[in-house]
Structure formats: C-alpha cells, structure tokens
Amino acid sequence: MNGDKPDGLKFVDGQPYTRNLVAGISVYGESLKKISGEEYRFWDAKRSKLAAYLKRRGKVFPFDADTNLLYLGAASGTTVSHLSDLIIHGKILAVEMSRIPFTKLLGLSEQRKNIIPVQADANQTGSYKFLVGQADVMYQDIAQKNQTEIFIRNSEMLKKGGTGFLAVKARCIDVSQAPEKIYGQCIDELEEAGFIILDKKDLGPYEKDHAMLVVEKVS
Ligand SMILES: C[S@@+](CC[C@H](N)C(=O)[O-])C[C@H]1O[C@@H](n2cnc3c(N)ncnc32)[C@H](O)[C@@H]1O
C-alpha cells in the first residue's frame, strides 16, 4: 500500500477489518471482532470490490479521516459503510439510481452522518454536482456499457491531483471480447482524457471478469 494505512483499517490473518463507527451494528451480516479493545467489522472481499482490491495487494489507498469522496453506484451501501468507518470527519456523497437499494442506503445514512445519499443517474451530474465541490477521491462501481464515459464525465468534480477508482465489469462493456482487451480499451480512454494510471488489479477470484483501475487526475 502507498503511504500510510489509514487509522481504522487493520488486517488480521490477511483479512481486512474497519473500526466500527456505529458500535454493535453489523451492516450486511459481516462479523464483528474486538481488536486491541475496539470493535472492528470484517470487510468481505466477496461483497466489496474495494476489499477485493486490497486482498489482491492493491497499492493505492488514499482514504483518510478527512477525505471528500464522490461514490458512484453506492447500491445499499456495503462498501460505502466501510469507507464511512474510515472517513470519520470527511463526507461521502453516495450516488445510487435504483429505488430499492437507495432506500437501504437512506437508512444507513441515518446511522452514519458522514454519508450523504443522493438518488440520481450518474449520467446526469447536474442534480448532485453542487453538493460535491471538489472531491479528493472518486470511486465508481456501475455496471453499465458506458461506465468509462460516466467516470470521465463525473471526474470534473475530482480535484487536480485527486485519485479515481474505476471498477470495470468487462462483460457489461462487451461479452464477446476478452476481459484483458476491454481493460486495455478503458485504460486508453482514461489516458486520452488526461489521467495517469496508478494501478490495475484483476479482482478474481473474488469477482470474475472485473478489474480495478486506479488513476490520478493530472489536468
Ligand atoms: C455492483 S452494484 C454496486 C455495489 C456497491 N458499489 C458496493 O460495493 O457496495 C452497482 C450499482 O450501480 C447502480 N447503477 C447502475 N447504473 C447507474 C447509474 N447510471 N447511476 C447511478 N447508479 C447506477 C445500480 O443500481 C447498482 O446498485
């Protein structure tokens, strides 16, 4: 991992855990564990692509207590909840389009005040742009054919020098092409849009035909 591991993230026997912001509450059935007298939540790599990235020895992890995070494709908040454990003084603008997961995300945000849920289509940035300002980090996990285009469009809200995570689902872009070829095409598009690639990790065996691309916005 580049830089310091954030306070609140620990590894026990190679498994990631985050310090629970809301003591006693398990968000999605994950186990709770006392570590050095404090309560931590197991971060399941089969349920969260960011945990899978860590398990695959992903080296970029720019989240700290004060991060301003734009999160696209929040669903019911599985990964968002772990980031909420880490970003204790910052904020997570969590965008989700579908009503049923969004309802659960709303419930989560009532317990966790650093989550700002927004029900919106990430293709239409106008409805939430004013809430973000300049994000330090942008994270996207949206299974749509135009996922790279959505990422580039939203990156106008990412500060210069900020870090972006794009969880690519290859089969959603083109089932007929090999995943590696799709990842290469995404990388070309991102570089053309002015990003530099910091890291790329295939997320198997936790997520088949998925990769995490991590980029820095340079211009
Ligand atoms: C794989 S799930 C996200 C899981 C979540 N990131 C996690 O790790 O807990 C993808 C989510 O993206 C949402 N989604 C798909 N298209 C979207 C769009 N255009 N704008 C916003 N959300 C979208 C879906 O409704 C779905 O909940």
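Figure 1. The model is predicted: local features need pLDDT of at least 70 and side-chain atom pairs pLDDT 80 or more, while totals for chains, interfaces and linings use all residues. Residues are numbered from 1 along each chain as its sequence is written, and side-chain values use heavy atoms, without hydrogens and water. Phe 61 is likewise buried, at 4%. The structure holds 8 aromatic pairs (ring centres of Phe, Tyr or the six-membered ring of Trp within 6.5 Å). Among them, Phe 61 and Phe 63 pair edge-to-face (planes over 60 degrees apart), at 4.9 Å centre to centre and 65° between the planes.

**Figure 2. The pair of Phe 151 and Phe 195.**

**Figure 3. Polar atoms facing the ligand.** An oxygen atom of the ligand is 2.5 Å from a side-chain N or O atom of Thr 79. Ligand nitrogen is found 2.8 Å from a polar backbone atom of Ala 122 and 2.9 Å from one of Gly 73. Of the 610 Å² of accessible area that the ligand has on its own (Shrake-Rupley method, 1.4 Å probe), the protein covers 84%.

**Figure 4. The shell around the ligand.** The ligand is surrounded by 17 residues (a heavy atom within 4 Å); the closest are Tyr 71, Thr 79, Glu 96, Ala 122 and Gln 144. The shell comprises 7 nonpolar, 6 polar and 4 charged residues, with Gly counted as polar.

Key: Polar contact = N/O pair within 3.5 Å; in protein donor to acceptor, adjacent residues only side chain to side chain. Phe/Tyr/Trp six-rings, centres within 6.5 Å; stacked < 30°, edge-to-face > 60°. Buried < 20%, exposed > 50% of the residue type's maximum accessible area, 1.4 Å probe, protein only.
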